[in-house]
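We will go from stop to stop.

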Amino acid sequence: MKKIEAIIQPHKLEEVREALKKIGIDGMTITEVRGHGRQKGHKEVYRGMEYQVDLLPKVKIEMVVPDERSAEAVKALADAARTGKIGDGKIFLIDVAEAIRIRNEDRGEMAL
Amino acid sequence: MTKLLLGFLSVASFLAAQPADLEKRLADVEAAAKAARLSGDNAWMLTSAALVLMMTGPGLALFYGGLVRRKNVLSTMMHSFILMAVVTVVWALVGYSFAFGEGNSFVGGMQYFFLNGVGGDPNGDYAATIPHATFMIYQLMFAIITPALISGAFAERIKFSGMLLFTILWVLVVYFPMAHMVWGKNGLLGALWGQIPTLDFAGGTVVHITSGVSALVCALYLGKRRGFGTESMRPNNLVLSTVGACLLWVGWFGFNAGSALAATSLATSAFVTTHLATAAAALGWMLAEWLRQGKPSVLGAISGAVAGLVAITPASGFVKPMPAMLIGLVAGIVCYVMVSVVKNKFGYDDALDAFGVHGIGGTVGALMTGVFATKEVNDLFGGKPMGLLEGNAGQLMNNAIGAAIAWVLGIVGTFVILKICDAVTGVRCEEEEEIEGLDLSMHGEEGYNLEA
(Lines give C-alpha, C1' and ligand atoms only; values in the text may rest on other atoms or scores of the structure.)
Protein backbone atom coordinates (compact mmCIF):
# COMPACT_ATOMS: atom_id res chain seq x y z
CA MET A 1 0.00 0.00 0.00
CA LYS A 2 1.08 3.53 -0.71
CA LYS A 3 0.10 6.71 1.00
CA ILE A 4 -0.29 9.61 -1.38
CA GLU A 5 0.24 12.96 0.27
CA ALA A 6 -0.41 15.89 -2.01
CA ILE A 7 -0.25 19.63 -1.35
CA ILE A 8 -2.30 21.47 -3.93
CA GLN A 9 -3.86 24.85 -4.70
CA PRO A 10 -7.12 25.15 -2.74
CA HIS A 11 -9.16 26.05 -5.81
CA LYS A 12 -8.06 22.82 -7.52
CA LEU A 13 -9.56 20.53 -4.88
CA GLU A 14 -12.87 19.91 -6.65
CA GLU A 15 -11.20 19.07 -9.97
CA VAL A 16 -8.85 16.66 -8.22
CA ARG A 17 -11.71 14.92 -6.43
CA GLU A 18 -13.63 14.57 -9.70
CA ALA A 19 -10.58 13.13 -11.45
CA LEU A 20 -9.96 10.59 -8.68
CA LYS A 21 -13.59 9.64 -8.56
CA LYS A 22 -13.49 8.91 -12.31
CA ILE A 23 -10.83 6.26 -11.76
CA GLY A 24 -12.72 4.85 -8.80
CA ILE A 25 -10.82 6.36 -5.89
CA ASP A 26 -13.16 7.87 -3.34
CA GLY A 27 -11.65 7.91 0.12
CA MET A 28 -9.41 10.73 1.16
CA THR A 29 -8.67 13.13 4.02
CA ILE A 30 -8.43 16.85 3.37
CA THR A 31 -6.68 19.42 5.57
CA GLU A 32 -6.48 23.16 5.05
CA VAL A 33 -2.83 24.03 5.49
CA ARG A 34 -0.49 26.94 4.88
CA GLY A 35 2.94 26.77 3.39
CA HIS A 36 5.20 27.62 0.52
CA GLY A 37 7.98 26.18 -1.55
CA ARG A 38 9.49 28.24 -4.33
CA GLN A 39 6.37 30.36 -4.68
CA LYS A 40 6.72 33.91 -3.40
CA GLY A 41 3.95 35.30 -1.21
CA HIS A 42 2.30 38.65 -1.58
CA LYS A 43 2.44 42.04 0.07
CA GLU A 44 -0.40 43.36 2.22
CA VAL A 45 -0.65 46.96 3.40
CA TYR A 46 -2.66 48.06 6.42
CA ARG A 47 -2.59 51.80 7.11
CA GLY A 48 0.84 52.14 5.57
CA MET A 49 2.24 49.12 7.42
CA GLU A 50 3.53 46.55 4.93
CA TYR A 51 3.47 42.84 5.62
CA GLN A 52 5.05 40.17 3.44
CA VAL A 53 2.74 37.17 3.56
CA ASP A 54 4.76 34.08 2.60
CA LEU A 55 2.74 31.22 4.05
CA LEU A 56 -0.06 30.78 1.57
CA PRO A 57 -3.21 28.74 1.96
CA LYS A 58 -2.99 25.25 0.46
CA VAL A 59 -4.98 22.04 0.70
CA LYS A 60 -3.35 18.79 1.78
CA ILE A 61 -4.84 15.55 0.46
CA GLU A 62 -3.99 12.27 2.15
CA MET A 63 -5.08 8.88 0.88
CA VAL A 64 -3.86 5.32 0.89
CA VAL A 65 -4.17 3.13 -2.24
CA PRO A 66 -3.06 -0.38 -3.25
CA ASP A 67 0.47 -0.41 -4.73
CA GLU A 68 -0.70 -1.22 -8.24
CA ARG A 69 -3.11 1.73 -8.32
CA SER A 70 -0.72 4.37 -7.03
CA ALA A 71 0.72 5.32 -10.43
CA GLU A 72 -2.62 6.06 -12.06
CA ALA A 73 -3.86 7.88 -8.93
CA VAL A 74 -0.78 10.10 -8.93
CA LYS A 75 -1.22 10.83 -12.62
CA ALA A 76 -4.89 11.69 -12.26
CA LEU A 77 -4.16 13.87 -9.28
CA ALA A 78 -1.27 15.70 -10.89
CA ASP A 79 -3.09 16.29 -14.16
CA ALA A 80 -6.10 17.71 -12.37
CA ALA A 81 -4.11 19.89 -9.98
CA ARG A 82 -1.77 21.37 -12.57
CA THR A 83 -2.05 25.01 -13.67
CA GLY A 84 1.52 25.19 -14.91
CA LYS A 85 2.47 28.01 -12.57
CA ILE A 86 4.74 28.10 -9.56
CA GLY A 87 2.74 27.14 -6.49
CA ASP A 88 0.90 24.13 -7.91
CA GLY A 89 2.24 22.00 -5.05
CA LYS A 90 3.86 18.59 -4.56
CA ILE A 91 2.98 14.93 -4.27
CA PHE A 92 4.75 12.52 -1.92
CA LEU A 93 4.50 8.73 -1.96
CA ILE A 94 5.07 6.84 1.26
CA ASP A 95 5.08 3.09 1.93
CA VAL A 96 2.37 2.05 4.36
CA ALA A 97 3.07 -0.84 6.75
CA GLU A 98 -0.50 -1.67 7.73
CA ALA A 99 -4.07 -0.43 7.48
CA ILE A 100 -6.80 -1.29 9.97
CA ARG A 101 -10.49 -0.54 9.68
CA ILE A 102 -11.63 0.46 13.15
CA ARG A 103 -15.21 -0.76 12.70
CA ASN A 104 -14.41 -4.44 12.11
CA GLU A 105 -10.66 -4.82 12.24
CA ASP A 106 -10.29 -5.53 8.52
CA ARG A 107 -6.62 -5.39 7.73
CA GLY A 108 -4.40 -4.58 4.77
CA GLU A 109 -5.98 -3.67 1.45
CA MET A 110 -9.30 -4.95 2.78
CA ALA A 111 -9.35 -1.96 5.05
CA LEU A 112 -8.88 0.64 2.31
CA MET B 1 -49.29 76.26 15.43
CA THR B 2 -47.91 79.83 15.25
CA LYS B 3 -50.81 80.85 13.01
CA LEU B 4 -53.24 79.41 15.48
CA LEU B 5 -51.60 81.33 18.30
CA LEU B 6 -51.64 84.60 16.35
CA GLY B 7 -55.31 84.04 15.58
CA PHE B 8 -56.08 83.68 19.23
CA LEU B 9 -54.00 86.73 20.08
CA SER B 10 -55.94 88.98 17.69
CA VAL B 11 -59.25 87.62 18.85
CA ALA B 12 -58.18 88.22 22.41
CA SER B 13 -57.39 91.88 21.78
CA PHE B 14 -60.70 92.46 19.96
CA LEU B 15 -62.99 90.84 22.42
CA ALA B 16 -61.79 92.40 25.63
CA ALA B 17 -65.34 92.05 26.87
CA GLN B 18 -64.79 88.43 27.95
CA PRO B 19 -61.09 88.40 28.89
CA ALA B 20 -61.21 85.65 31.47
CA ASP B 21 -62.59 82.98 29.18
CA LEU B 22 -60.28 83.89 26.33
CA GLU B 23 -57.23 84.04 28.51
CA LYS B 24 -57.94 80.55 29.71
CA ARG B 25 -58.32 79.23 26.19
CA LEU B 26 -55.16 81.04 25.16
CA ALA B 27 -53.29 79.42 28.02
CA ASP B 28 -54.66 76.03 26.96
CA VAL B 29 -53.40 76.52 23.42
CA GLU B 30 -49.99 77.62 24.65
CA ALA B 31 -49.77 74.57 26.87
CA ALA B 32 -50.75 72.29 24.00
CA ALA B 33 -48.14 73.88 21.72
CA LYS B 34 -45.46 73.46 24.37
CA ALA B 35 -46.42 69.83 24.97
CA ALA B 36 -46.24 69.08 21.26
CA ARG B 37 -42.77 70.62 21.00
CA LEU B 38 -41.61 68.76 24.07
CA SER B 39 -42.92 65.48 22.77
CA GLY B 40 -41.23 65.83 19.36
CA ASP B 41 -37.91 66.99 20.78
CA ASN B 42 -37.90 64.29 23.42
CA ALA B 43 -38.56 61.57 20.86
CA TRP B 44 -35.62 62.72 18.77
CA MET B 45 -33.28 63.09 21.73
CA LEU B 46 -34.04 59.65 23.17
CA THR B 47 -33.44 58.20 19.71
CA SER B 48 -30.19 60.13 19.45
CA ALA B 49 -29.05 58.88 22.84
CA ALA B 50 -29.61 55.30 21.72
CA LEU B 51 -27.75 55.99 18.46
CA VAL B 52 -24.73 57.34 20.33
CA LEU B 53 -24.65 54.29 22.60
CA MET B 54 -24.70 52.15 19.46
CA MET B 55 -21.49 53.86 18.37
CA THR B 56 -19.61 52.29 21.28
CA GLY B 57 -21.35 48.94 21.21
CA PRO B 58 -21.37 47.41 18.72
CA GLY B 59 -19.86 50.15 16.51
CA LEU B 60 -16.48 50.83 18.05
CA ALA B 61 -16.23 47.33 19.55
CA LEU B 62 -16.49 45.85 16.04
CA PHE B 63 -14.29 48.49 14.41
CA TYR B 64 -11.46 47.98 16.91
CA GLY B 65 -12.14 44.26 17.43
CA GLY B 66 -11.53 43.48 13.79
CA LEU B 67 -8.24 45.37 13.69
CA VAL B 68 -6.35 43.41 16.34
CA ARG B 69 -4.89 39.92 16.15
CA ARG B 70 -7.33 37.07 16.75
CA LYS B 71 -5.94 36.30 20.21
CA ASN B 72 -7.05 39.77 21.37
CA VAL B 73 -10.37 40.20 19.62
CA LEU B 74 -12.54 39.65 22.70
CA SER B 75 -10.45 41.74 25.07
CA THR B 76 -10.49 44.62 22.61
CA MET B 77 -14.26 44.43 22.24
CA MET B 78 -14.51 44.26 26.02
CA HIS B 79 -12.58 47.53 26.34
CA SER B 80 -15.51 49.20 24.60
CA PHE B 81 -18.32 47.12 26.00
CA ILE B 82 -17.45 47.26 29.67
CA LEU B 83 -17.21 51.05 29.55
CA MET B 84 -20.91 51.10 28.71
CA ALA B 85 -21.33 49.82 32.26
CA VAL B 86 -18.41 51.42 34.13
CA VAL B 87 -18.84 54.98 32.91
CA THR B 88 -22.60 54.75 33.40
CA VAL B 89 -22.18 54.02 37.09
CA VAL B 90 -19.60 56.78 37.60
CA TRP B 91 -21.81 59.19 35.66
CA ALA B 92 -24.90 58.47 37.74
CA LEU B 93 -23.05 58.78 41.03
CA VAL B 94 -20.94 61.90 40.45
CA GLY B 95 -20.02 62.36 36.79
CA TYR B 96 -23.06 64.18 35.50
CA SER B 97 -22.78 66.69 38.31
CA PHE B 98 -19.05 67.28 37.73
CA ALA B 99 -19.74 67.87 34.04
CA PHE B 100 -23.00 69.79 34.08
CA GLY B 101 -23.51 70.95 37.63
CA GLU B 102 -23.21 74.65 38.26
CA GLY B 103 -19.68 74.99 39.53
CA ASN B 104 -16.70 77.14 38.65
CA SER B 105 -15.09 77.68 35.26
CA PHE B 106 -13.35 74.31 35.30
CA VAL B 107 -15.59 71.74 36.92
CA GLY B 108 -19.22 71.35 37.94
CA GLY B 109 -20.46 71.31 41.51
CA MET B 110 -22.08 68.60 43.53
CA GLN B 111 -25.74 69.50 43.19
CA TYR B 112 -26.58 66.63 40.82
CA PHE B 113 -24.72 63.92 42.75
CA PHE B 114 -26.67 60.63 42.56
CA LEU B 115 -28.77 62.34 39.85
CA ASN B 116 -30.48 64.37 42.54
CA GLY B 117 -33.01 66.73 40.95
CA VAL B 118 -32.46 65.34 37.45
CA GLY B 119 -35.96 64.38 36.38
CA GLY B 120 -38.76 65.18 33.99
CA ASP B 121 -38.61 68.96 34.18
CA PRO B 122 -36.36 70.58 31.57
CA ASN B 123 -33.17 72.32 32.60
CA GLY B 124 -33.42 75.66 30.80
CA ASP B 125 -29.67 76.24 30.93
CA TYR B 126 -29.05 73.35 28.55
CA ALA B 127 -32.21 72.28 26.77
CA ALA B 128 -35.55 73.92 27.49
CA THR B 129 -37.73 71.50 25.54
CA ILE B 130 -36.63 68.08 26.78
CA PRO B 131 -36.70 66.51 30.23
CA HIS B 132 -33.53 67.11 32.20
CA ALA B 133 -33.13 63.34 32.49
CA THR B 134 -33.13 63.03 28.69
CA PHE B 135 -30.31 65.56 28.47
CA MET B 136 -28.45 63.68 31.19
CA ILE B 137 -28.73 60.25 29.53
CA TYR B 138 -27.82 61.72 26.14
CA GLN B 139 -24.66 63.30 27.51
CA LEU B 140 -23.77 60.04 29.26
CA MET B 141 -23.38 58.31 25.91
CA PHE B 142 -20.63 60.79 25.01
CA ALA B 143 -18.83 60.09 28.26
CA ILE B 144 -18.93 56.37 27.42
CA ILE B 145 -17.48 56.53 23.94
CA THR B 146 -14.66 58.95 24.77
CA PRO B 147 -12.53 56.64 26.93
CA ALA B 148 -13.52 53.74 24.67
CA LEU B 149 -11.80 55.56 21.81
CA ILE B 150 -8.55 55.63 23.80
CA SER B 151 -8.55 51.85 24.01
CA GLY B 152 -7.32 51.76 20.43
CA ALA B 153 -3.93 52.95 21.64
CA PHE B 154 -3.34 50.38 24.38
CA ALA B 155 -5.03 47.42 22.69
CA GLU B 156 -3.34 44.02 22.86
CA ARG B 157 -1.10 44.79 25.86
CA ILE B 158 -3.03 46.40 28.73
CA LYS B 159 -3.97 44.71 31.96
CA PHE B 160 -7.74 44.60 32.42
CA SER B 161 -7.70 45.84 36.01
CA GLY B 162 -5.37 48.66 35.00
CA MET B 163 -7.70 49.58 32.14
CA LEU B 164 -10.68 49.81 34.49
CA LEU B 165 -8.89 51.98 37.03
CA PHE B 166 -7.43 54.13 34.27
CA THR B 167 -10.85 54.77 32.77
CA ILE B 168 -12.50 55.70 36.05
CA LEU B 169 -9.73 58.16 36.90
CA TRP B 170 -9.58 59.46 33.35
CA VAL B 171 -13.23 60.45 33.11
CA LEU B 172 -12.97 62.10 36.54
CA VAL B 173 -9.79 64.04 35.83
CA VAL B 174 -9.97 64.73 32.10
CA TYR B 175 -13.41 64.17 30.62
CA PHE B 176 -15.79 65.69 33.15
CA PRO B 177 -13.75 68.91 33.56
CA MET B 178 -13.32 69.25 29.80
CA ALA B 179 -17.03 68.70 29.17
CA HIS B 180 -17.79 71.26 31.87
CA MET B 181 -15.42 73.83 30.43
CA VAL B 182 -16.99 73.61 26.98
CA TRP B 183 -20.65 72.82 27.66
CA GLY B 184 -21.27 73.19 31.40
CA LYS B 185 -22.93 76.18 33.03
CA ASN B 186 -20.31 78.93 33.51
CA GLY B 187 -17.63 76.80 31.82
CA LEU B 188 -14.42 78.54 30.78
CA LEU B 189 -14.79 77.75 27.08
CA GLY B 190 -18.59 77.96 26.79
CA ALA B 191 -19.81 79.54 23.55
CA LEU B 192 -22.33 81.73 25.36
CA TRP B 193 -21.08 82.28 28.87
CA GLY B 194 -17.37 81.39 28.78
CA GLN B 195 -14.46 83.76 29.27
CA ILE B 196 -12.92 82.23 26.11
CA PRO B 197 -15.94 81.37 23.97
CA THR B 198 -15.14 78.41 21.73
CA LEU B 199 -17.34 76.72 19.16
CA ASP B 200 -17.57 72.96 19.66
CA PHE B 201 -20.96 71.79 18.50
CA ALA B 202 -20.82 68.08 19.29
CA GLY B 203 -17.53 67.42 21.03
CA GLY B 204 -14.59 67.71 18.67
CA THR B 205 -12.52 69.13 21.51
CA VAL B 206 -14.26 67.46 24.43
CA VAL B 207 -14.42 63.98 22.94
CA HIS B 208 -11.92 63.62 20.14
CA ILE B 209 -8.97 65.81 21.05
CA THR B 210 -8.98 64.65 24.68
CA SER B 211 -9.26 60.98 23.76
CA GLY B 212 -6.82 61.16 20.86
CA VAL B 213 -4.10 63.00 22.75
CA SER B 214 -4.54 60.76 25.79
CA ALA B 215 -4.25 57.78 23.46
CA LEU B 216 -0.86 59.00 22.29
CA VAL B 217 0.33 59.31 25.89
CA CYS B 218 -0.90 55.77 26.61
CA ALA B 219 0.86 54.39 23.53
CA LEU B 220 4.14 56.06 24.51
CA TYR B 221 3.84 55.13 28.19
CA LEU B 222 3.00 51.47 27.60
CA GLY B 223 5.55 51.05 24.87
CA LYS B 224 5.27 48.94 21.76
CA ARG B 225 3.53 45.61 21.52
CA ARG B 226 5.95 42.67 21.60
CA GLY B 227 7.04 41.92 18.08
CA PHE B 228 5.96 45.32 16.74
CA GLY B 229 7.74 45.86 13.45
CA THR B 230 8.98 42.28 13.21
CA GLU B 231 5.94 40.03 13.65
CA SER B 232 2.83 40.19 11.54
CA MET B 233 0.13 42.33 13.15
CA ARG B 234 -2.41 42.03 10.41
CA PRO B 235 -6.04 42.68 11.37
CA ASN B 236 -7.87 39.47 12.21
CA ASN B 237 -11.14 40.42 10.56
CA LEU B 238 -11.68 43.53 8.48
CA VAL B 239 -15.25 42.41 7.87
CA LEU B 240 -16.00 43.21 11.52
CA SER B 241 -14.20 46.53 11.18
CA THR B 242 -16.20 47.50 8.12
CA VAL B 243 -19.50 46.69 9.82
CA GLY B 244 -18.31 48.66 12.85
CA ALA B 245 -17.38 51.68 10.76
CA CYS B 246 -20.82 51.68 9.13
CA LEU B 247 -22.48 51.59 12.55
CA LEU B 248 -20.27 54.48 13.64
CA TRP B 249 -21.35 56.47 10.60
CA VAL B 250 -25.04 55.88 11.34
CA GLY B 251 -24.68 56.40 15.08
CA TRP B 252 -22.87 59.66 14.50
CA PHE B 253 -26.12 61.24 13.30
CA GLY B 254 -27.28 60.94 16.89
CA PHE B 255 -23.97 62.37 18.05
CA ASN B 256 -23.94 65.44 15.80
CA ALA B 257 -27.53 66.10 14.75
CA GLY B 258 -28.63 65.18 18.27
CA SER B 259 -26.34 67.89 19.62
CA ALA B 260 -28.92 70.43 18.44
CA LEU B 261 -30.76 69.09 21.54
CA ALA B 262 -34.05 69.45 19.69
CA ALA B 263 -35.69 68.22 16.49
CA THR B 264 -35.07 71.51 14.72
CA SER B 265 -33.77 72.59 11.33
CA LEU B 266 -30.40 72.98 13.03
CA ALA B 267 -30.45 69.23 13.68
CA THR B 268 -31.11 68.69 9.99
CA SER B 269 -28.26 71.00 9.09
CA ALA B 270 -25.88 69.07 11.36
CA PHE B 271 -27.14 65.78 9.91
CA VAL B 272 -26.41 66.97 6.38
CA THR B 273 -22.94 68.36 7.13
CA THR B 274 -22.03 65.19 9.03
CA HIS B 275 -22.98 63.00 6.12
CA LEU B 276 -21.25 65.11 3.47
CA ALA B 277 -18.01 65.48 5.41
CA THR B 278 -17.84 61.72 6.01
CA ALA B 279 -18.32 60.95 2.34
CA ALA B 280 -15.60 63.41 1.32
CA ALA B 281 -13.21 62.08 3.95
CA ALA B 282 -13.67 58.44 2.92
CA LEU B 283 -12.87 59.42 -0.65
CA GLY B 284 -9.97 61.64 0.43
CA TRP B 285 -8.21 58.89 2.38
CA MET B 286 -8.94 56.28 -0.27
CA LEU B 287 -7.60 58.40 -3.12
CA ALA B 288 -4.50 59.48 -1.19
CA GLU B 289 -3.72 55.85 -0.44
CA TRP B 290 -4.49 54.76 -3.98
CA LEU B 291 -2.03 57.32 -5.35
CA ARG B 292 0.72 56.55 -2.87
CA GLN B 293 0.37 52.81 -2.36
CA GLY B 294 -1.20 51.69 -5.59
CA LYS B 295 -4.34 50.18 -4.11
CA PRO B 296 -7.50 51.68 -2.58
CA SER B 297 -7.86 49.62 0.60
CA VAL B 298 -11.12 48.99 2.39
CA LEU B 299 -9.43 49.75 5.70
CA GLY B 300 -8.36 53.08 4.22
CA ALA B 301 -11.85 54.00 3.07
CA ILE B 302 -13.47 53.18 6.42
CA SER B 303 -10.69 54.89 8.37
CA GLY B 304 -11.21 57.96 6.22
CA ALA B 305 -14.91 57.94 7.01
CA VAL B 306 -14.17 57.88 10.74
CA ALA B 307 -11.64 60.72 10.34
CA GLY B 308 -14.30 62.77 8.56
CA LEU B 309 -16.87 62.06 11.27
CA VAL B 310 -14.36 63.20 13.87
CA ALA B 311 -13.42 66.40 12.05
CA ILE B 312 -16.98 67.52 11.31
CA THR B 313 -18.08 66.94 14.91
CA PRO B 314 -17.22 70.41 16.29
CA ALA B 315 -18.31 72.11 13.06
CA SER B 316 -21.48 70.17 12.33
CA GLY B 317 -23.93 72.73 13.72
CA PHE B 318 -22.05 75.80 12.51
CA VAL B 319 -21.04 75.31 8.88
CA LYS B 320 -22.70 75.01 5.50
CA PRO B 321 -22.61 71.89 3.30
CA MET B 322 -19.70 72.84 1.01
CA PRO B 323 -17.30 73.83 3.80
CA ALA B 324 -18.35 70.58 5.52
CA MET B 325 -17.15 68.58 2.52
CA LEU B 326 -13.90 70.52 2.50
CA ILE B 327 -13.39 69.80 6.22
CA GLY B 328 -13.98 66.10 5.55
CA LEU B 329 -11.64 66.00 2.56
CA VAL B 330 -8.83 67.73 4.46
CA ALA B 331 -9.30 65.46 7.48
CA GLY B 332 -9.28 62.32 5.32
CA ILE B 333 -6.00 63.26 3.66
CA VAL B 334 -4.27 64.68 6.75
CA CYS B 335 -5.18 61.67 8.90
CA TYR B 336 -3.99 59.30 6.19
CA VAL B 337 -0.61 61.01 6.09
CA MET B 338 -0.48 61.05 9.88
CA VAL B 339 -1.28 57.36 10.28
CA SER B 340 0.57 55.91 7.31
CA VAL B 341 3.60 58.15 7.04
CA VAL B 342 4.27 60.24 10.16
CA LYS B 343 3.49 57.50 12.67
CA ASN B 344 5.80 55.04 10.95
CA LYS B 345 8.57 57.66 10.89
CA PHE B 346 8.31 58.21 14.65
CA GLY B 347 7.79 54.52 15.36
CA TYR B 348 5.39 54.77 18.31
CA ASP B 349 2.82 51.99 18.54
CA ASP B 350 -0.62 53.62 18.56
CA ALA B 351 -2.03 50.20 17.80
CA LEU B 352 -5.34 51.20 16.25
CA ASP B 353 -4.52 54.84 15.50
CA ALA B 354 -6.68 56.51 18.10
CA PHE B 355 -4.31 59.50 18.08
CA GLY B 356 -3.84 59.68 14.33
CA VAL B 357 -7.56 59.69 13.66
CA HIS B 358 -9.16 61.29 16.74
CA GLY B 359 -6.40 63.55 18.02
CA ILE B 360 -5.42 64.88 14.62
CA GLY B 361 -8.89 64.77 13.05
CA GLY B 362 -10.32 66.49 16.12
CA THR B 363 -7.74 69.25 15.98
CA VAL B 364 -8.26 69.78 12.25
CA GLY B 365 -12.00 70.02 12.92
CA ALA B 366 -11.65 72.43 15.85
CA LEU B 367 -9.52 74.82 13.80
CA MET B 368 -11.62 74.61 10.66
CA THR B 369 -14.76 75.27 12.73
CA GLY B 370 -13.17 78.58 13.71
CA VAL B 371 -12.70 79.33 10.03
CA PHE B 372 -16.02 78.28 8.51
CA ALA B 373 -18.60 78.83 11.29
CA THR B 374 -21.37 81.04 9.98
CA LYS B 375 -24.34 82.84 11.53
CA GLU B 376 -26.41 81.77 8.52
CA VAL B 377 -26.45 78.27 9.96
CA ASN B 378 -26.47 79.01 13.67
CA ASP B 379 -26.79 82.61 14.83
CA LEU B 380 -25.34 81.94 18.25
CA PHE B 381 -23.80 85.37 18.77
CA GLY B 382 -26.97 87.34 17.94
CA GLY B 383 -26.11 88.67 14.50
CA LYS B 384 -22.38 89.11 15.12
CA PRO B 385 -19.92 87.30 12.84
CA MET B 386 -18.95 83.77 13.82
CA GLY B 387 -15.93 82.35 12.01
CA LEU B 388 -12.79 83.74 10.40
CA LEU B 389 -14.40 83.96 6.96
CA GLU B 390 -17.16 86.13 8.39
CA GLY B 391 -14.53 88.46 9.79
CA ASN B 392 -14.22 87.08 13.30
CA ALA B 393 -10.55 86.10 13.43
CA GLY B 394 -10.77 85.89 17.21
CA GLN B 395 -12.91 82.75 16.91
CA LEU B 396 -10.13 80.82 15.23
CA MET B 397 -7.83 81.93 18.04
CA ASN B 398 -10.37 80.92 20.70
CA ASN B 399 -10.88 77.51 19.14
CA ALA B 400 -7.10 77.06 18.98
CA ILE B 401 -6.89 77.92 22.68
CA GLY B 402 -9.70 75.46 23.44
CA ALA B 403 -7.88 72.75 21.50
CA ALA B 404 -4.62 73.59 23.27
CA ILE B 405 -6.29 73.31 26.68
CA ALA B 406 -7.64 69.89 25.68
CA TRP B 407 -4.16 68.84 24.53
CA VAL B 408 -2.51 69.94 27.77
CA LEU B 409 -5.21 68.48 30.01
CA GLY B 410 -5.11 65.23 28.03
CA ILE B 411 -1.32 64.91 28.16
CA VAL B 412 -0.78 65.89 31.79
CA GLY B 413 -3.90 64.19 33.15
CA THR B 414 -3.27 60.93 31.34
CA PHE B 415 0.39 60.80 32.33
CA VAL B 416 -0.39 61.33 36.02
CA ILE B 417 -3.22 58.78 35.92
CA LEU B 418 -1.01 56.19 34.25
CA LYS B 419 1.61 56.69 36.97
CA ILE B 420 -1.05 56.14 39.64
CA CYS B 421 -2.46 53.06 37.90
CA ASP B 422 1.02 51.66 37.44
CA ALA B 423 1.56 51.89 41.19
CA VAL B 424 -1.85 50.47 42.16
CA THR B 425 -2.79 47.79 39.61
CA GLY B 426 -0.08 47.93 36.98
CA VAL B 427 -1.00 48.83 33.43
CA ARG B 428 1.01 46.67 31.07
CA CYS B 429 0.36 42.95 31.20
CA GLU B 430 3.08 40.35 31.75
CA GLU B 431 5.12 39.16 28.80
CA GLU B 432 3.60 35.65 28.83
CA GLU B 433 0.10 37.11 29.03
CA GLU B 434 0.76 39.24 26.00
CA ILE B 435 2.18 36.32 24.02
CA GLU B 436 -0.76 34.12 24.96
CA GLY B 437 -3.18 36.88 24.05
CA LEU B 438 -5.38 38.94 26.35
CA ASP B 439 -8.51 36.92 25.56
CA LEU B 440 -7.12 33.87 27.31
CA SER B 441 -4.83 35.50 29.85
CA MET B 442 -7.28 38.19 31.05
CA HIS B 443 -10.69 36.69 30.39
CA GLY B 444 -10.15 32.92 30.07
CA GLU B 445 -11.96 32.82 26.74
CA GLU B 446 -11.31 32.80 23.04
CA GLY B 447 -13.11 34.76 20.36
CA TYR B 448 -13.09 32.11 17.70
CA ASN B 449 -13.59 28.50 18.80
CA LEU B 450 -13.97 27.16 15.30
CA GLU B 451 -13.72 23.53 16.34
CA ALA B 452 -16.49 23.91 18.92
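**Stop 1: the cysteines of chain B**

Select B:C246 and B:C335. The closest cysteine sulfur to that of B:C246 is the one in B:C335, 18 Å away, which is too far for a bond. Turn the view around and the result holds: from B:C335, the closest cysteine sulfur is in B:C246, again at 18 Å and too far. Over all chains the count is 0 disulfides. Bear in mind that this is a predicted model.

Is B:C335 buried or exposed? B:C335 has a relative accessible area of 0%, so it is buried. B:C246 is at 45% relative accessibility and therefore counts as partly exposed.

**Stop 2: two helices of chain B**

Select residues 238-256 and 265-293 of chain B. These are helices α7 and α8. They pack at an angle of about 140°, and their axes are 9 Å apart. The crossing of α7(B) and α8(B) is right-handed.

Show side chains next. Which residues of α7(B) meet α8(B)? They are B:W249, B:W252, B:F253 and B:N256. Across from them in α8(B) are B:A270, B:F271, B:T274, B:H275, B:T278 and B:A279. Sorted by class, this contact has 6 nonpolar residues, 4 polar ones and no charged ones.

**Stop 3: B:I145**

Select B:I145. It is in helix α4 of chain B, residues 132-154. At 2% relative accessibility, B:I145 counts as buried. Leave out residues up to four places away in sequence, and B:I145 touches B:M55, B:T56, B:L60, B:V207, B:L248 and B:F255.

**Stop 4: B:R69**

Move to B:R69. This arginine lies in the loop between α2 (19-67) and α3 (73-100) of chain B. Is B:R69 buried or exposed? B:R69 counts as buried, because its relative accessibility is 11% and the cut-off is under 20%. Neighbours within four places in sequence aside, its contacts are B:E156, B:R225, B:R226, B:E231, B:S232, B:M233, B:R234 and B:N236.

**Stop 5: the sheet of chain A**

Switch to chain A. Colour the open sheet of 4 strands, in the order β2-β5-β1-β6, with antiparallel pairing. The edge strands are β2 (29-35) and β6 (89-95), each pairing on one side only. From one strand to the next, the twist averages 20°.

Zoom in on β1 (residues 2-8) and β5 (residues 56-65) of chain A. They run antiparallel, joined by 7 bridges. Pick A:K3 and look opposite: there is A:V64 in β5(A).

Helix α2 (residues 70-81) of chain A lies across β1, β5 and β6 of chain A, at about 5° to β1(A).

**Stop 6: a hairpin in chain A**

Finish on strands β3 (residues 42-46) and β4 (residues 49-53) of chain A. This antiparallel pair is joined by 5 bridges. A:H42 has A:V53 in β4(A) as its bridge partner. The two strands, β3(A) and β4(A), form a hairpin with 2 residues between them. Select A:R47 in the turn: its phi is positive, at about 50°.

How values were computed:
Residues numbered from 1 in each chain as written. Chains lettered and ligands numbered in written order. Predicted model: local features only at pLDDT ≥ 70, side-chain atom pairs only at ≥ 80, totals over all residues. Heavy atoms only, no water. Axes fitted to C-alpha atoms, helices over the stretch in contact; angles between N-to-C directions. Left-handed = near helix turned anticlockwise from the far one by under 90°. Contact = heavy atoms within 4.5 Å. Nonpolar A, V, L, I, M, F, W, Y, C, P; charged D, E, K, R; others polar. Disulfide = S-S within 2.5 Å. Buried < 20%, exposed > 50% of the residue type's maximum accessible area, 1.4 Å probe, protein only. Pairing = 2+ DSSP bridges.
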